[in-house]
Amino acid sequence: MAVNGTRQFIIESGGSLSGTFQVPGDKSISHRAVMLGAIAEGGTEVSGFLEGDDAMATLAAMRALGVSIEGPHAGRLRIAGVGRHGLKPAAAALDLGNSGTSMRLFSGLLAGQRFATQLVGDQSLMRRPMRRVTEPLSQMGAMIQTAAQGTAPLSIEPAAALRGIDYSMPVASAQVKSALLLAGLYAEGRTRVTEPAVSRDHTERMLQAFGADVAVDGPHVSVTGDAPMEAAAVSVPGDISSAAFFLVGASIAGGGSITLTHVGLNPTRTGVIDILRRMGARIHVEADETDAGEPVGTLTVEPAALQGIDIPPELVPLAIDEFPTIFIAAACATGVTTLRGAEELRVKESDRIAVMAEGLTALGIEAEPLADGIRIVGGAMHGGAVQAQGDHRIAMAFAMAGLAADGAITIDGCAEVDTSFPGFVELAQGAGLRIRSQESAA
Ligand code: S3P
């Protein structure tokens with residue numbers, strides 16, 4: 001799919017990981033902190049904010065909607081909340097870059113405003129499916145249009161009034177759930193969303209922290225716009241999706257152990273730990289105090305002999321962003337790993353099943369793409385050239401493969417790593433990965 005940048009990673013074989021590190025702030029929580037802080041009453045202080053391109057796109061969009069935000073200064077923001085009805089029309093279309101979360105959550109938040117907005121993004125985002133949010137929002141009375149293919153640009157016109165609906169989601173998607181809950185803050189009556197499987201619940205937790213009228217009852221989440229939303233302090237933990245690269249890297253490297261501090265351990269996000277442990281990974285979890293409604297802890301990882309497994313389908317939504325790096329673990333395991341029920345991976349920042357299968361094959365690993373997953377036969381990984389296709393998580397996953405390969409790996413299309421993990425190369429180098437980054441010919 002999109003290849004916006006021309007950055008290339010080169011990883012020499014023979015590295016190993018060791019030391020104690022903290023990964024940057026959680027991307028999902030950073031987006032939500034800006035959005036809820038902006039529509040709350042009063043000043044919201046955020047710490048640990050992810051200064052990556054995606055969360056910065058949300059921040060810039062909120063500024064364009066008239067919200068004054070100080071920072072980020074070393075992960076700190078001060079958001080001057082304007083209240084639920086205080087947003088102002090933006091002078092131009094909001095450009096959300098590579099960020100699907102920004103576009104889907106803003107669709108819900110802006111559907112109930114009294115002004116029009118246009119949402120656009122980069123090549124990758126302009127290809128991603130948006131009807132999953134626009135259809136239920138239209139049922140609520142929103143005036144929201146996609147392009148003919150169901151993709152952005154999204155055009156939102158002011159609606160007479162939104163009404164709460166009872167909506168059963170066909171796919172487990174925290175972005176869809178969150179879009180509807182945010183629209184529900186502007187709707188008459190109660191908006192109730194039912195999930196087919198558990199997806200990340202950061203929106204529910206943060207709505208509670210800001211005092212919204214939100215109720216969770218098993219797979220049902222509902223909200224009204226009745227309760228005032230008050231500013232709250234948000235402390236963003238380290239992103240487990242960023243930690244995941246190091247969990248796999250330390251597991252497959254020949255020696256050393258690493259400790260990752262202050263990682264978010266929300267149980268709707270820890271599927272990667274469960275899957276890697278089922279494969280034989282040695283990951284020790286030490287829970288700390290819950291921080292502003294989100295569990296956090298310290299993870300220690302030692303090298304381990306991994307085994308292939310059939311990944312339980314119920315863990316798929318709990319590890320949805322971690323499959324590129326889990327596939328690298330599978331390539332380094334003894335035996336076969338099979339993933340099914342994960343067709344969502346085909347509509348992420350790239351088609352993660354196709355792009356990962358191609359890259360693994362280029363490194364000498366047998367990888368068979370399936371319509372809804374992949375079958376990987378663990379084996380000897382060789383050096384070679386792979387394409388990340390502008391997908392940040394694929395670039396970082398193949399970077400970790402360099403710890404197990406018998407030759408150098410060159411990865412093209414790595415510029416988007418900055419969307420979720422600014423400083424990845426420096427942190428990985430400090431931990432012992434023999435990585436360097438260079439601008440390549442387009
Ligand atoms: C996210 C939800 C997930 C995930 C994405 C972030 C969120 O997407 O893949 O990276 O912050 O709500 P889906 O809801 O489409 O599964």
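Which elements are included in what covers the buried residues of α10? Helix α10 is the opening stop of this tour.

The structure is a predicted model, in which local features need pLDDT of at least 70 and side-chain atom pairs count only at pLDDT 80 or more, while totals for chains, interfaces and linings use all residues. Residues are numbered from 1 along each chain as its sequence is written, and side-chain values use heavy atoms, with hydrogens and water left out.

**Helix α10**

Select residues 352-362, which form helix α10. Helices (H or I, at least four residues) and strands (E, at least two) are DSSP runs, numbered from the N terminus. Within α10, the residues R352, I353, V355, M356, A357, G359 and L360 are buried. Buried means under 20% relative accessible area, exposed over 50%, and partly exposed in between (1.4 Å probe, protein chains only). The cover over these buried residues includes α9, β21 (366-370), β22 (373-377), β23 (384-387) and α11 (392-401).

Next, select D351, which caps the N-terminal end of α10. One of its side-chain oxygens lies 3.2 Å from the backbone nitrogen of I353. Just after the helix, G364 takes a positive phi of about 90°.

**D321**

Move to D321, in the loop between β19 (296-302) and α9 (323-331). D321 is buried, with a relative accessible area of 12%. Apart from neighbours within four places in sequence, D321 is in contact (heavy atoms within 4.5 Å) with R200, S241, K348, R352 and R393. R352 also belongs to the buried set of α10. The side chains of D321 and R200 make a polar contact at 3.1 Å. A polar contact is a pair of N or O atoms within 3.5 Å; within protein, one must be able to donate a hydrogen and the other to accept it, and residues adjacent in sequence count only if both atoms are side-chain atoms.

**R32**

Now select R32, in helix α1 (residues 27-39). Is R32 buried or exposed? R32 is buried, at a relative accessible area of 3%. Leaving aside neighbours within four places in sequence, its contacts are G37, T101, L105, A174, S178, H202, T203 and M206.

**Cysteines**

Finally, select C332 and C414. A search of the whole structure finds zero disulfides (pairs of cysteine sulfur atoms within 2.5 Å). C332 is in no disulfide, and the nearest cysteine sulfur, that of C414, is 18 Å away. That distance is too far for a bond. C332 counts as partly exposed at 25% relative accessibility, whereas C414 is buried at 0%.
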